[in-house]
Amino acid sequence: MTNHKRPSVYIVTGTTRGIGRAMAEEILRRGHRLFSLSRAPDTVTQGWRNYRCDLRDAEKIQVAMIRLLDEIPHEACGDAILLNNAGVLTPIGPLERNDWAGMAAALQVNLMAPMQLMSLFIQAAARFQGSRRIINITSGAGRHPYAGWGLYCTAKSALNMLTRCIALEQRGRSRPVTICAVAPGVVATDMQADIHRADDIDFPERQRFLRLAESGGLLAPEDVARLILDLDLAGQFQSGQIYDLRHATWSEGRPVITALKENG
Ligand SMILES: NC(=O)c1ccc[n+]([C@@H]2O[C@H](COP(=O)([O-])OP(=O)(O)OC[C@H]3O[C@@H](n4cnc5c(N)ncnc54)[C@H](OP(=O)(O)O)[C@@H]3O)[C@@H](O)[C@H]2O)c1
């Protein structure tokens, strides 16, 4: 029998490298449609359209996301998933050593950009025939404070709270947009290189992260990307919940994960 299920459409930020790049490749490998916002040039390839967008610039985000949402062939697509992946750990260091421009950029990319994209996605949600889901890539740093990562921890913590608020806003609607946040664990990407390059004075826990990398303790971005997509497809992500991928296990060939406790 022919499978008439329409491909899902994924909107992913930060697909140039790291987890976002691995997500993009996995989404295409599974035969879905990919629309991305990244600082790479505008491109259209088989199944993948990229919109050049610097997420530090709110006006550019507005223009690019509205164009992206208009150009999705809604009638040919099933479920729609917004994956807020792009993020920056820098600037690293105690607050008084960060300049205003660095502080603003960190908050803009890690918090304000996802906030703006979620708002536009929810506004456009009625156009999508299938389910509409948002997955925010958060971090353990959104729940655990680290000296030297104040900007990053603050942004991810606020992203977690915004995730929970949006879930409440959507609850009870006839076709709610569902939303969750997922911390990927410690992953072998350029973000870890940023940590390794940092000064011990700016980031006192740097040695611990170095040792983890040296002992082969980092996750591969490809494995992380596959697991997030699999958990989502398996219906494991409950709206309003925050997850840590390190709590994922497999049971009877299916990935399972339990949400983190609110204050745990
Ligand atoms: N790696 C980890 O251990 C780890 C742990 C916890 C959470 N995370 C989270 O996972 C997500 C992905 O991180 P990663 O490890 O894959 O990091 P990464 O390798 O450094 O990649 C970051 C991505 O974000 C994009 N980005 C950064 N600033 C941008 C901007 N102004 N405009 C557009 N795109 C921008 C980068 O694009 P450019 O190439 O244009 O810079 C790149 O595609 C982030 O949200 C991060 O906080 C990672």
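Of the contacts in the protein between residues at least 6 apart in sequence, what percentage join residues at least 24 apart? It's 65%, where contact means C-beta atoms, placed from the backbone, within 7 Å.

Before you click further: this is a predicted model, where local features need pLDDT of at least 70, side-chain atom pairs count only at pLDDT 80 or more, and totals for chains, interfaces and linings use all residues. Residues are numbered from 1 along each chain as its sequence is written.

**Whole view.** Show the cartoon: there are seven helices and 10 strands (DSSP runs, H or I of at least four residues for helices, E of at least two for strands, numbered from the N terminus). The C-alpha atoms fill a box of roughly 60 × 45 × 40 Å along the principal axes.

**Helix H4.** Now select residues 150–170. At 1.5 Å a residue (times one less than the number of residues), the 21 residues of H4 should span 30 Å, and the end C-alpha atoms are 30 Å apart, which agrees. Colour the buried ones, among them Leu151, Tyr152, Leu159 and Ile166; buried means 20 or more other C-beta atoms, placed from the backbone, within 10 Å of a residue's own. Their cover includes helix H3 (100–123) and strand S6 (132–137). Just after H4, stop at Gly172, with its positive phi of about 90 degrees.

**The ligand.** Finally, pick the 26 residues around the ligand: Gly14, Gly18, Arg39, Gly87 and Thr189 come nearest (the C-beta cut-off, placed from the backbone, is within 6 Å). Helix H1 (18–29) and helix H5 (190–197) each supply at least two residues of this shell.

Technical notes:
A residue is buried if 20 or more other C-beta atoms lie within 10 Å of its own, exposed if 12 or fewer, and partly exposed in between; C-beta atoms are placed from the backbone. Two residues are in contact if their C-beta atoms, placed from the backbone, lie within 7 Å.
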